[in-house]
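Open the model in your viewer and keep the selection tool at hand. The tour below moves from stop to stop, saying at each one what to select and what is to be found there.

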Amino acid sequence: MALSKILSESLATGVGGKVLQVVSSFKSDTASTSSTTFTSLGLSVSITPSSASNKILILTDAKIGHSTGQIRYVALFKDGAIISTGDTAGTRIKTGITLTDGDGGQKIEPYVATFLDSPATTSSITYAVYGRVYTSGTVYINRSDSDGDGGNDARAGSSIIAMEISAWL
């Protein structure tokens, strides 16, 4: 459900849809993986809902670099399981985005994800950005592949926000 629909419904009824808590995390350092299975890139946030009927709105803005020559994948995970992705079909890889060769080793691309979760729990939940490669290469967070001094290379910062939204009565 779109955020605008959530807000308009809560305003119309006068109940529910209120932000109860906001938890955020900002990652300024870098991390990488060359794994062919999804691995955390170190950008995560944990939140404990106050009611099992409440929703959690996740806002992700991760800056991703990658090596050239292969395909890389980045996705949003909840407690180690992929969310905010398409249906399984055959041997297709579930992902949030697929990165392919672009501007060479100096490229840093955004991975932006908005996801409204219905966790149905009052236990702590961890949402995190994971990355993987197809068969080889590297996925980075907050840096490019070349990441050198004296050139056009840059560094970036990434954030993830979790908001608990009250349920409608």
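**First stop: Leu20**

Select Leu20, which counts as partly exposed because its relative accessibility is 45%; here buried means under 20% relative accessible area, exposed means over 50%, and partly exposed lies in between, all with a 1.4 Å probe and with protein chains only. Before going on, note that this is a predicted model, in which local features need pLDDT of at least 70 and side-chain atom pairs count only at pLDDT 80 or more, while totals for chains, interfaces and linings use all residues. Residues are numbered from 1 along each chain as its sequence is written, and side-chain values use heavy atoms, with hydrogens and water left out.

Leu20 belongs to strand β1, residues 19–27, where strands (E, at least two residues) and helices (H or I, at least four) are DSSP runs numbered from the N terminus. Now show Ile165 as well: Leu20 and Ile165 are 145 residues apart in sequence, yet 5.9 Å apart in space from C-alpha to C-alpha. If neighbours within four places in sequence are left aside, Leu20 is in contact with Ser50, Asn54, Glu164 and Ser166, contact meaning heavy atoms within 4.5 Å.

**Second stop: the salt bridges**

Side chains of opposite charge can pair when their charged atoms come close. How many salt bridges does a search of the whole structure find? The search finds six, a salt bridge being a side-chain nitrogen of Lys or Arg within 4 Å of a carboxyl oxygen of Asp or Glu.

Select Lys27 and Asp29 together, and you will see side chains that meet in a salt bridge, with 2.7 Å from N to O. Lys27 counts as buried, at 9% relative accessibility, whereas Asp29 is partly exposed, with a relative accessible area of 46%.

Next select Lys107 and Glu109, whose salt bridge has its closest N and O atoms 3.8 Å apart. Lys107 counts as partly exposed at 22% relative accessibility, while Glu109 counts as buried at 17%.

Then turn to Arg155 and Asp147, which form a salt bridge with the closest N and O atoms 2.8 Å apart. Arg155 is exposed, with a relative accessible area of 54%, and Asp147 counts as partly exposed at 22%.

Select residues 72–78, which make up strand β5; seven of the seven residues are buried, so the strand is largely enclosed by the rest of the structure. Both faces are covered, with Arg72, Val74, Leu76 and Lys78 buried on one side and Tyr73, Ala75 and Phe77 buried on the other.

Which strands pair with β5, if two strands are said to pair when DSSP finds at least two bridges between them? One of them is strand β7 (residues 97–99), which pairs with β5 in the antiparallel sense over three bridges, and there Ile97 is the bridge partner of Val74. Strand β9 (residues 125–133) also pairs with β5 in the antiparallel sense, over seven bridges, with Tyr130 as the bridge partner of Ala75.

Finally, select strand β6 (residues 81–83), which pairs with β5 in the antiparallel sense over three bridges; Leu76 stands opposite Ile83 in β6. The hairpin of β5 and β6 has two residues between the strands, and in this hairpin Asp79 takes a positive phi near 50°.

Terms used
Pairing = 2+ DSSP bridges.
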